[in-house]
Each structure stands twice: as structure tokens, then as C-alpha cells.
Amino acid sequence: MSLSSLKPQVETILSNSDKTLDERLLSVCQLLDQEVSYYNWVGFYFKNGDKNELKLGPYVGEPTDHTIIPFGKGICGQVAVSNENFIVPDVAAQDNYIACSITVKAEIVVPLFVNGENVGQIDIDSNTPDPFTEEDERFLEYVCEQVAKLLA
Ligand code: SME
């Protein structure tokens with residue numbers, strides 16, 4: 001299955017004005033979790049007001065204790081300051097990593113920009129080692145761009 005084939009469904013979900021923003025984001029998480037076998041935890045983090053920390057938004061997967069992540073901490077916190085995609089093929093090899101579940105082998109985090117400002121990110125954990133490619137990066141950048149349009 002090509003990830004690009006999910007784009008129309010992402011657009012349909014995000015354009016549903018009968019739902020709140022969080023409901024739409026949750027539906028996107030559910031879609032990605034259901035349709036991509038190696039996406040095993042899918043969630044959004046957003047900058048928490050004026051604080052230099054991330055707050056967990058809608059997600060699908062095991063509940064996590066890490067609902068607040070300071071900038072710089074873990075993969076998510078690093079992306080909040082680097083403004084760059086971060087692929088971790090093997091989480092066990094990362095120093096600055098916050099473990100949420102022992103089943104997780106790999107992670108990808110892609111920042112979400114509104115008017116050039118890094119306001120959040122999509123975070124995906126995989127139970128499969130080293131599954132993420134540039135195709136995931138391009139697709140998740142697309143998802144973040146679509147979400148950004150609702151936040152602008
Ligand atoms: N592993 C992340 C923390 C968030 S959980 O994956 C849900 C990190 O290192 O920032």
C-alpha cells in the first residue's frame with residue numbers, strides 16, 4: 001500500500017466541519033494506525049501555550065505518562081527546537097529518548113509549522129525495527145501541512 005493513497009481520506013477527515021479540531025485529529029490518528037501496519041502509536045503534540053514544553057493532543061495507542069514533554073527532552077522535545085524531521089531507526093541506540101512502551105523499536109517525529117512557526121508535531125512509534133523511509137517523511141509532512149491549514 002502506498003502512503004499517498006491515504007491522502008484523500010486525510011483531506012476528507014480534516015474538512016469535516018461537523019467535528020471539532022480534536023475529533024478530526026483523532027480520526028487522522030485512527031486512520032494512520034489502522035491502515036499502516038508499522039504505525040503502532042500515532043499522536044499529536046502541540047506547544048503548550050507560552051511554555052517551552054509540548055502537550056499531548058489526540059492520539060491512538062497505549063496511554064502514555066508523557067503528556068507534557070519539555071523542549072529539548074526526548075525525540076519530541078528535540079524536534080520542538082530543531083525544526084527538523086527526526087527518524088529513530090533503533091530507539092535503544094538513542095541517548096535522549098523517552099520510552100513510552102517496551103514494545104517500541106523505532107520512532108518518527110515530523111514538525112508542524114503554522115506561518116513558519118513550529119507549533120507541534122506528529123509522533124509515530126513502531127514495534128517494527130527501522131521501518132521508516134523518506135516516503136513516511138513526505139507523507140507525514142503532507143499530513144502536518146493539512147492540519148496546519150486548520151490552525152492558521
Ligand atoms: N518517545 C518520545 C516520547 C513520546 S512517546 O513516544 C508517546 C520521545 O522520546 O520524545
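Here is a short tour of the ligand, its shell and its cavity.

This is a predicted model, in which local features need pLDDT of at least 70, side-chain atom pairs count only at pLDDT 80 or more, and totals for chains, interfaces and linings use all residues. Residues are numbered from 1 along each chain as its sequence is written, and side-chain values use heavy atoms, with hydrogens and water left out.

**The shell around the ligand**
- Trp41, Tyr45, Ile69, Gly74, Ile75, Cys76, Tyr97, Ile98, Cys100, Glu107, Asp123 and Asp125 surround the ligand (a residue is near if one of its heavy atoms lies within 4 Å).
- At least two shell residues each come from strand S1 (41–47), helix H3 (74–82) and strand S6 (117–126); helices (H or I, at least four residues) and strands (E, at least two) are DSSP runs, numbered from the N terminus.
- H3 gives the most, with 3 residues.
- By type, the shell holds 8 nonpolar, 1 polar and 3 charged residues (Ala, Val, Leu, Ile, Met, Phe, Trp, Tyr, Cys and Pro count as nonpolar, Asp, Glu, Lys and Arg as charged, and the others, Gly among them, as polar).

**Backbone contacts and cover**
- A polar backbone atom of Ile75 is 2.9 Å from an oxygen atom of the ligand, and a backbone N or O atom of Cys76 lies 2.8 Å from a ligand oxygen atom.
- For Ile98, a backbone N or O atom lies 2.7 Å from a nitrogen atom of the ligand.
- Of the 310 Å² of accessible area that the ligand has on its own, the protein covers 100% (Shrake-Rupley method, 1.4 Å probe).

**The cavity**
- The ligand sits in the largest cavity, with more than half of its atoms within 2 Å of the grid points.
- A cavity is a set of points, on a 1 Å grid over the protein atoms alone, where a 1.4 Å probe fits but cannot get out; lining residues have an atom within 4 Å of a point.
- The largest cavity has about 90 Å³ of space, a volume being the space filled by probe spheres set on the points.
- H3 and S6 each give two or more residues to its lining, and H3 has the largest share, 3 residues.

Technical notes: Polar contact = N/O pair within 3.5 Å; in protein donor to acceptor, adjacent residues only side chain to side chain. 1 Å grid on protein atoms, 1.4 Å probe; cavity = no way out; pocket = protein on both sides within 12 Å on 5 of 7 lines; lining within 4 Å.
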